[in-house]
Structures are given as C-alpha cells and as structure tokens.
Amino acid sequence: MIIGFTSALRSEGVAARLGLALGVSFTVAFATGLFSHFLQQPPAWLDWPSRPVWLYQLTQGVHVIAGLATIPLLLAKLWTVYPKLWQWPPFRSAAHAVERGLVLLLVAGSLFQLVSGLLNIAYTYPWSFFFPVAHYWTAFIVYGALVIHAINEWAKVRRSIPEPLDRDRRGFLLTVAAASGVTALLTVGESFTPLRQVAVLAPRAPSIGPQGLPVNRSALAAGVSAAGADYRLDIGDLSLTYADLERLPQHTVELPIACVEGWSASARWTGVRLADLARDAGAAPDAVLTVESMEKRGGYRTSEIRPPHWNDPLTLLALRVNGERLHLDHGYPVRLIAPNRPGVHQTKWVRRIVIA
Ligand SMILES: Nc1nc2c(c(=O)[nH]1)N[C@H]1C(S)=C(S)[C@@H](COP(=O)(O)O)O[C@H]1N2
Ligand SMILES: [Mo]
C-alpha cells in the first residue's frame, strides 16, 4: 500500500493526460448514446432520415467500443488519484467540499455507466431497474459533472501538459493506451467482419447463429411458434396469406441488423417493399405505421415506422435471408428490415401493420 501511495507514477501530468483521454471517450460515448436514444424514441417532431443505411451501425458500434476502451482509462485514472481520498482535512472550504462532492458523483456515475453497459452487452441483468432509462439519465449526470470538473481542473491541465513526462510515466501511459486499444481490437469484430476472428471479448459473433446471423431473442424466448396455414399479414384493409406475399414482386437488398448492444451483421434480404404494400393498403405518404409481431409480450413486440423509413425502397417485409426462407428465430414468416434503424425496431414475426 505504501508503495502504491507514494508511487512516482502518480503525477499531475499523468492525471491530466488520462483526464483528457477520458474527456474524449466520454464525449464520444455521450454523443453516440444520445443519437441512439433519439433513434429509438424519436420525439413526434423529429423524423430521422433513412440514409446512410449504415449510420446507426457505425454510431452504435462506436458507442459500445468507446465504452469498453474507456474501462482501462478510468481504472488508471482512479489509481492515479485515489490517494486524494484520504487527504486531510477532507474539506478546506465550502467550495472545496462542493468540488469533492462533484468528483464523487463523477466517479460513482462513471463506474455505474461502464459496469451497467458492460453487463448489458453481456445480457446479464442483476438489477431491477430498466437499463436504457437508468443508463440514459445517468449519462446526463456524469457528463454534466465531467464538464464542470474539466473547467475546475483546466488550469492544472494547461500547466502540466507542456511539461515532458519521464520514461516511467510515459511507459505507464503507453501501457494504459495499449490496454484500451487491445480491448477495442478484441471487440470491434462484432461489427467489423474483417476482425471477427479476434473478437474474443465480443458477446455476439456477427456470423454465429442460424443462417449465418446472430439472434438476440429467439422464437422460444419470445414464446412464438411457427405460423401455420391460417397465417395472415394484415395491413390496412388488406389481409394476405404467405403465398400472397410470395406472389408479390420480390426485391433483394443488402442491409445490416445493428443491435443496440453493439453487434451488427449485414445480410441479403428478399421480400416485399413495405412502401408498395402500404400504398396498396391506402396509406398516405406521411402516415405513421406500427408494425406488430405475433409475440404476445415483450418490450420489442411492436415498432413504429415513420415516413422516411417506410417510404424508402430498401425497406422490406422480408421473407428470405441470404437466399433462404427466414429461420423461425430470424422472424419467419415475415420480418421488417429497414435502413439506418436500431435492431430493436427490426420487428420479427410480423402479424399486422397499423396505418395511422
Ligand atoms: N418481435 C420481435 N422482434 C425483434 C426483437 C424482439 O424481441 N421481438 N428483437 C429485436 C432485436 S433487439 C434485434 S437486435 C433484432 C435481431 O434480429 P435477429 O435475431 O434476426 O438477428 O431483432 C429485433 N426484432
Ligand atoms: Mo437488439
């Protein structure tokens, strides 16, 4: 402990550099996180464009990778500054007490964000709160505290950054940077297929699953069984059998599924253009559609699809993936697939589309 407390690696210069790196990674995570939030729950006045098709895949991949790469940085930063916890007297003034309270909030909030995010992408929920809501609101607390902390510490940063570091401190920072880089490298393959072989830390490999595609929620987990001959897809006044859908003009598109948990995978989808079908069913071009699945319960059993997305010719009610009839776990008989849209909204086992 004594060695830890007096380590020469702890210096203002080291703390400042780690602080700057954390400032960048938290900014990236905050911005991409907000983007994801508003794509999942857009306010009524906000219609996101459906292009570029890969935008959400990119921002959410970056969100998760940036969060993971932040873990070594945060641990190093906490190690660098933790002797301050025992400083005496604990508060020199009221302003100092407020400043320390803010740092406590920042540390606790950051740890919460990283741990809860990590457990979420590992599909582990040892808590009773709803992850997206807790992660979203804590992000504002953390980022707000971070901005004030950065302002408070700015003089130290300005003072210590121009001073060169000695070899040991440089070595320490390089080790931390390498740990961060390796963490990113071992997970980025869950979105970026050329690196999928080394994605050993990724909870989902992009090509493992039926039909070479991961599954988030299987039919069994969702309580959905294979549709029989009585299956109908209802949209507006139309009611179509599976054979009716197969007889309609089929289109093939290459689109990714981009899960909020960070993995993504592209596939070749074949099916009916939603715009064609909605028009035949009498939808006005500015209508809002609600896609409902056969699933009885579950947070993602329905999704709303707004005009920019359902009018996009790439948006399909897919019957096939990579040339094969959809596997039940991928949404047989019919699933929605649309560009630039979170995976949670790519509704599987579509039963009905409501036009409003
Ligand atoms: N009906 C329904 N559709 C759903 C879900 C669901 O739970 N229920 N999960 C969504 C999520 S979170 C993702 S990431 C994608 C994954 O599609 P896949 O299982 O075919 O890869 O499906 C989406 N469609
Ligand atoms: Mo997902």
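In this predicted model, Trp-48 has a relative accessibility of 25% and therefore counts as partly exposed, since that class lies between the limits of 20% and 50%. Phe-35, by contrast, counts as buried, because its relative accessibility of 14% falls under 20%. A pair of aromatic rings is described by the distance of the centres and the angle of the planes. By the distance criterion the count comes to 13 aromatic pairs. For Phe-35 and Trp-48, the ring centres are 5.0 Å apart and the planes stand at 75 degrees, so the pair is edge-to-face. Because Phe-35 belongs to helix H2 whereas Trp-48 lies in the loop between H2 and H3, this pair ties together parts that are 13 residues apart in sequence. The pair formed by Trp-127 and Phe-129 is stacked, because the planes of the two rings are at 10 degrees, with the centres 4.8 Å apart. Phe-129 is partly exposed, with a relative accessible area of 32%.

Further aromatic residues are grouped in one cluster, which is formed by Phe-30, Tyr-136, Trp-137, Phe-140 and Tyr-143. A charged side chain is also placed over a ring, in that Arg-10 lies over the face of Trp-79 at 4.0 Å from the ring centre.

Among the residues that line the largest cavity are Val-53, Tyr-56, Gln-57, Leu-255, Pro-256 and Arg-341. At least two residues of this lining come from each of H3 and strand E3 (251–258), and E3 gives the most, with three residues. By class, the lining of the largest cavity comprises seven nonpolar, three polar and one charged residues. Domain 1 (12–198) and domain 2 (210–355) each contribute at least three residues to the lining of the largest cavity.

Among the open sites, the second largest pocket contains about 1,300 Å³ of space. It is lined by 43 residues, of which Lys-77, Val-81, Lys-84, Val-103 and His-149 are the closest to the centre of the pocket. Two or more lining residues are given by each of helix H2 (12–40), helix H3 (55–81), helix H4 (94–121) and helix H5 (131–160), and H5 gives the most to this lining, with 11 residues. The residues of the lining of the second largest pocket divide into 24 nonpolar, 10 polar and nine charged.

Technical notes:
Residues are numbered from 1 along each chain as its sequence is written. Chains are lettered from A and ligands numbered from 1 in the order in which they are written. This is a predicted model: local features need pLDDT of at least 70, side-chain atom pairs count only at pLDDT 80 or more; totals for chains, interfaces and linings use all residues. Side-chain values use heavy atoms; hydrogens and water are left out. On a 1 Å grid over the protein atoms alone, a cavity is a set of points where a 1.4 Å probe fits but cannot get out, and a pocket is an open set with protein on both sides within 12 Å along at least five of seven lines; lining residues have an atom within 4 Å of a point. Grid points are joined across faces, edges and corners, and a volume is the space filled by probe spheres set on the points. Helices (H or I, at least four residues) and strands (E, at least two) are DSSP runs, numbered from the N terminus. Ala, Val, Leu, Ile, Met, Phe, Trp, Tyr, Cys and Pro count as nonpolar, Asp, Glu, Lys and Arg as charged, and the others, Gly among them, as polar. Rings of Phe, Tyr and Trp (its six-membered ring) pair if their centres lie within 6.5 Å; planes under 30 degrees apart count as stacked, over 60 as edge-to-face and the rest as tilted. Buried means under 20% relative accessible area, exposed over 50%, partly exposed in between (1.4 Å probe, protein chains only). A charge sits over a ring if NZ of Lys or CZ of Arg is within 6 Å of the ring centre and within 35 degrees of the ring normal. Domain bounds come from an automatic or database domain assignment.
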